[in-house]
Amino acid sequence: MGAQNWHFLILTYLLLSFPSTSLSTSGSPVHHDWRREAIEVEGGPGSVVWVVQLSDLHFSVFHPDRASDFRRYVGPALSVIKPSLVLITGDLTDGKSKDLLTMKLGEREWIEYENATREVILTSGLDERIFYDLRGNHDSFGVPVQGGTNDFYEKYSINARLGRNGNVQSVTLKTREGKHLFVGIDSTLATAGLRGPTNLFGHPTDQLLETIDKALSEWDNSNQFVTSQVTKVVFGHFPLSFTALTETQRNLKEVFLKHSISAYICGHLHARFGRNLKRHHLKSQNEYVQYNMHESTREVYINETEGCQKKNKEIKEFWEWEMGDWRKRRSFRILAIDSGDVSFVDVDFKYGSRDIIIVPTFPLDSRIMQRISSTNDFMCQNKETGKFETIRALVFSKHQIASVVVKVYDYRSGTLNLVLDSEMKKMEAKESKRGELYFVPWNWRAFVDPSPNRYWLKIEATDITGDTVSSPLKPFSINGLSSKMSWSWTEFMVMGCQWAAIYWPALWVIFAIAFLFLLVQKIALAFLKNHNIRGKNYKEYLISGLVCLFTELPRISTIWSILFGYLLYLLLLPWFFGYAITEDGNLMYMTYRGWSDATLNGVSEGTGVGFPDVMVIALPHLVWVVLPAILVMASLAAERSVYRIVFLSLTGKKEDDNGRESNSGGIKGHLWSGRWIRKFLLVVSIAIVWKHWKQCRALVKAYEINPFIHAPVYCFFIPALLAFCIYKTSSI
């Protein structure tokens, strides 16, 4: 066996023996404080509370309209709505340069945020203590340690001004009907705030999950409210699809299911991915993907003979509702809780203010209602349950409301037929009013139907100026049947895929494809080394091309060996070095397993800081640069061999003659005018290099990289090897 074959076997052994286990992110201990507050909700209507959510404000010195619109619209809207809470779920500032490539916090943006929120609070007339703002990934760009001098969130945020310094914030709204518990969570990377783009995921820890568990258990053993209803809502920045696992492979979902929260409301994704970024969660065995908005399960009913006392223990489900963004859409959400039922309406101020906003609170939209508990509420109702007796809606208006009308349509025939048209009355309250709740009694039993899409609801409100606004048509199901609604492709990609779980298998599949392609070429060449491939017609040329695709690149042993070595380099060595946190901090290096540094915040760090966030660099490089480059180089080698066959068949020369003439310089030939496949491959090569150049440029800007010093292999290897392969295959 020759030295070259021994070299090949050694490389293969190194590949197969390389470990495939993930290293967990470790770091300095982080203390997750738990801040508890309670608010007595006074005034009518007593059965309903409502809060406002905003997210992804992205205040930027390069886009001052975001802050100016926030001042113009949010303050006046809050003064009319009078919510019990205002929740701002992350990405308060943008932290990006004008070209969007450099990502680090800027104090000017934070000063603008502080001034804007103070002005909005003053305009709204609301108590500052009902405002909660959480940290998003943009609010931690380039922060070496939370609470340090570069952490402007701890200096300018509302939570900081009010002394809320923990990672978990708990506030309970108390009413005569019961309690409504809201728990806010900050799951940004606690060890250090990496710069983007490798700061994309939420990173909860086991300790944070324990704190959330305790916060959600706050009223579980309360004797005072043992018979009262406790509605639980969690708010945070990161959707679960972009939340990593903890050190012990636990996740937020299991904590939320344990406590049967009603909803988890979040931001992060923005509305550009779709308007149906909603996901229903049940206990599922599939940890990678959920193919539809409603997690598949059989409908569960409670038999009346078994009693309904234990239904709460059996219900393990919750909704996840991403709300869009203020950055582009000027999105604004009102979330209402009516007798334990949670509903919401999203409005936007992109085209100006809204004089009238309608929030139907019952019946619920059958597309986003709880699949199990809603059915059980219907099955387990008793004489004391009055929530079915009336249709109800909150109406907020700048001017006095003249009339509110509810319309119900029957869609059984495929067209909307009006079956109920009734004027609603305003619910009077002895005490001061927080808002206007309108209602109308109805014969709800007449609308019980096995189809969740048969009946549709619309509410129209008219103020004294004559302005009329209608709520969007929505299906409802009195008996709690869930209407299915599908995601678009982009919505599925960002909400249905659990990217933290997908990254690892996806990475190894890509590496396996690359290595197998090269190894199969080597094996095929060994079997077909002495086999002469010729062609007489189009079909034979096509077969010859396919055979050459798997045999010709190893003939150029230099290119094949370098490619194989480059793949091993990507597995074993740092891809590049950069300032992942601050330009005056430690120089770190990145691998497919994350960022690593000798010391980080004075604590020894293992590889894996920013895992799986580094997937935004690793996967695009492998999918759009490495794999296409390997395929193009193999195709260039195959094209040369096939064209040699064509050339010899046209000239009548023998291959050995051609070899002698080529060696002596007699037949040299770019033969540019006829090699159309080669022309196409050269265009593809240019596209690969262009894509790679854009990625390298982004990394140079993002991490203060000198490509010649910090990333020579990453930036220049593929373009150089493509150029070398083009040169080697230019002659026949």
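Student: In which loop does P612 lie?
Tutor: This is a predicted model, in which local features need pLDDT of at least 70, side-chain atom pairs count only at pLDDT 80 or more, and totals for chains, interfaces and linings use all residues. Residues are numbered from 1 along each chain as its sequence is written, and side-chain values use heavy atoms, with hydrogens and water left out. Helices (H or I, at least four residues) and strands (E, at least two) are DSSP runs numbered from the N terminus. A cis peptide bond joins F611 to P612, and P612 lies in the loop between β26 (603-604) and α14 (615-651).

Student: What is omega for the peptide bond from G196 to P197?
Tutor: P197 is placed in the loop between β6 (178-185) and α6 (206-216). The bond that runs from G196 to P197 is cis, and its omega is near 10 degrees.

Student: Is H268 buried or exposed?
Tutor: H268 is found in the loop between β8 (263-266) and β9 (278-282), and it has a positive phi of about 85 degrees although it is not a glycine. Buried means under 20% relative accessible area, exposed over 50%, and partly exposed in between, with a 1.4 Å probe and protein chains only. Because its relative accessibility is 10%, H268 counts as buried.

Student: What relative accessible area does E704 have?
Tutor: E704 is located in the loop between α16 (676-703) and α17 (707-710). Although E704 is not a glycine, its phi is positive, at about 55 degrees. E704 is partly exposed, and its relative accessible area is 33%.
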